[in-house]
Amino acid sequence: MRRRLGRECLYVPSCRLGLYVALRHWCRPGGRVLMSPVNDDVIFFVVLAAGLRPVQAPLRAEDGSIDLAAVPDSVWPGLSAVLTTNLYGNPDPAPELRARCDQLGIPLLEDAAHAIGSTVAGQPVGTFGDASVFSLSKHTGAKTGGFLTVADPALRAGLERARDELLEPARLSAELAYGLRPYAEAGVRGLRLVGAARATLRLLGLQEREDIRMELRPGELKRAQSAAPALADFHSWIRVDMHDYRRRPGGLRLRRTERLLARLENRLAHHRAGVQVLSATRWALPRPGPAQPLFRVPLLVEDRDAAIAALARRRITVGYLYDPPLDAYAGELFTDPSPAPGPAAWFARHALPVDPLRAKVAISVLTRLGARPAEVPAAFATGTGGPGAGGPAGDGAGGVAANARPARAHSDTDRATGPRGGDSG
């Protein structure tokens, strides 16, 4: 990762723990952090655990990226930091956010959990911020681990000490469970026991999401806030989908992660190829530039629930859904709502995150279903899309098909037992 990014990197057991370490280092308790409302709720709770107030940013309806121009001028002076999301690997406007943060003298922190291979302005996502966090649960498929990267190498030693203070000791049972998990999941899929596995998890109390968002529990959350910054008080929220998020890794985890990370470039090439296929469909908006190796491709579908059900019949689980947006989910008691919530709510409702490695099967299912593309409302459209997935029109397989719609004027992965919500890793 140091060679890839050209900056100092620190291994962490999870992206969420790395983000907590970064927020505690760069932001004083009581500060305000601009972030995306279409994001994993785990990240929202990490921000609260750091003693900070989330401020929800307006988004572009086309791709869910931060709409910098729609952030009111009055919001900027009160911020302590900006946190990007790079949703599904589609880059936020990092160069512009970097410039604005420099003007204000505040840090830019990049959540690159979905964007380990994405670039913007010819530069890797994760190299614009004072710090960035990456997940190895996503593109590599390691389902554990991540990195905290820093622009100033002199900070690494202090951040390493802060990480170590938060780690829980390695545990043999956790290592054995991690080692057996891929075989158990493969067996469940092979025997078509997905429904039975989910029912068992619910019976045992291990299914922590009944819906896309986890239960907020506002009374408990308010009490936890009184102790912030304190990670332990928010443990029941932050651990969801990844109970070992602060577990010191054992040899088995590290060896498997190292092996999978060595195959990253090949994996990214397969993701990029799938993105090109999906970008040429009528459910994808045209986006300029070369194809990015997105973690998921957000197709825009009118009846998403019907599409999810049809894909499930082909044993394709649609995860990484973030509906409703965080301001609608948490309310003004816990966050500053977006000044323009409409585009985010529309995108969250219609985005169908498709695994590019399952592109052809997904297209077949959606075609057979007769899924209708969702048209961006005229009031929300801002152009033909941001720095996202597709190649330029007329670019062969990497471009956008002639029937792609122009914008009108204006968890985990496909786990057999996974929830429909997200897993920030």
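Both phenylalanine 234 and tryptophan 237 are buried in this predicted model, where buried means under 20% relative accessible area, exposed means over 50% and partly exposed lies in between (1.4 Å probe, protein chains only). The model is a predicted one, in which local features need pLDDT of at least 70 and side-chain atom pairs count only at pLDDT 80 or more, while totals for chains, interfaces and linings use all residues. Residues are numbered from 1 along each chain as its sequence is written, and side-chain values use heavy atoms, with hydrogens and water left out.

A pair of aromatic rings is described by the distance of the centres and the angle of the planes. Rings of Phe, Tyr and Trp (its six-membered ring) pair if their centres lie within 6.5 Å; planes under 30 degrees apart count as stacked, over 60 as edge-to-face and the rest as tilted. By this rule the count comes to 7 aromatic pairs. One of them joins phenylalanine 45 to tyrosine 329 in an edge-to-face arrangement, 6.5 Å centre to centre and with 85° between the planes. Phenylalanine 45 belongs to helix α3 (residues 41–49) and tyrosine 329 to helix α13 (residues 326–330), so this pair ties together parts that are 284 residues apart in sequence. Here, helices (H or I, at least four residues) and strands (E, at least two) are DSSP runs, numbered from the N terminus. Phenylalanine 45 and tyrosine 329 are both buried. Phenylalanine 234 and tryptophan 237 form a tilted pair, with 6.0 Å between the centres and 50° between the planes. Ring pairs link Phe44, Phe45, Phe234, Trp237 and Tyr329 into a cluster.

Charged side chains also meet aromatic rings. A charge sits over a ring if NZ of Lys or CZ of Arg is within 6 Å of the ring centre and within 35 degrees of the ring normal. The charged end of arginine 213 sits over the ring of tyrosine 329, at 5.6 Å from its centre. Another example is arginine 296, which lies over the face of phenylalanine 295, 4.1 Å from the ring centre.

After α3 comes glycine 51, whose phi is positive, near 80°.

Tyrosine 20 is buried, with a relative accessible area of 5%. Leaving aside residues up to four places away in sequence, tyrosine 20 touches Val46, Ala49, Ala50, Leu166, Pro229, Ala230 and Leu231, contact meaning heavy atoms within 4.5 Å. Tyrosine 20 and proline 229 are 209 residues apart in sequence, yet 9.8 Å apart in space, C-alpha to C-alpha.

Proline 229 itself lies in the loop between α8 (218–225) and α9 (235–238), and a cis peptide bond joins alanine 228 to proline 229, with omega about 0°. A cis peptide bond also joins aspartate 323 and proline 324, with omega about 10°; proline 324 is found in the loop between α12 and α13.

Turning to helix packing, α12 (residues 304–313) and α15 (residues 359–369) pack at an angle of about 125°, with their axes 10 Å apart. Axes are lines fitted to C-alpha atoms, for helices over the stretch in contact, and angles run from 0 to 180 degrees between N-to-C directions. α12 and α15 are therefore oblique to each other (angles under 35 degrees count as roughly parallel, over 145 as roughly antiparallel, 65 to 115 as roughly perpendicular and the rest as oblique). The contact is made by Ala306, Ala307, Ala310 and Leu311 of α12, together with Ala362, Val365, Leu366 and Leu369 of α15.

In the segment after α15 lies threonine 382, which is partly exposed, with a relative accessible area of 34%. Threonine 382 and arginine 60 are 322 residues apart in sequence and 7.1 Å apart in space, C-alpha to C-alpha.

Most residues other than glycine have a negative phi, and most peptide bonds are trans. Alanine 121 has a positive phi of about 55° although it is not a glycine; alanine 121 is found in the loop between β6 (119–120) and β7 (123–124) and counts as exposed at 68% relative accessibility. Lysine 143, likewise not a glycine, has a positive phi of about 60°. Lysine 143 lies in the loop between β8 (131–135) and β9 (146–150) and is partly exposed at 23% relative accessibility.
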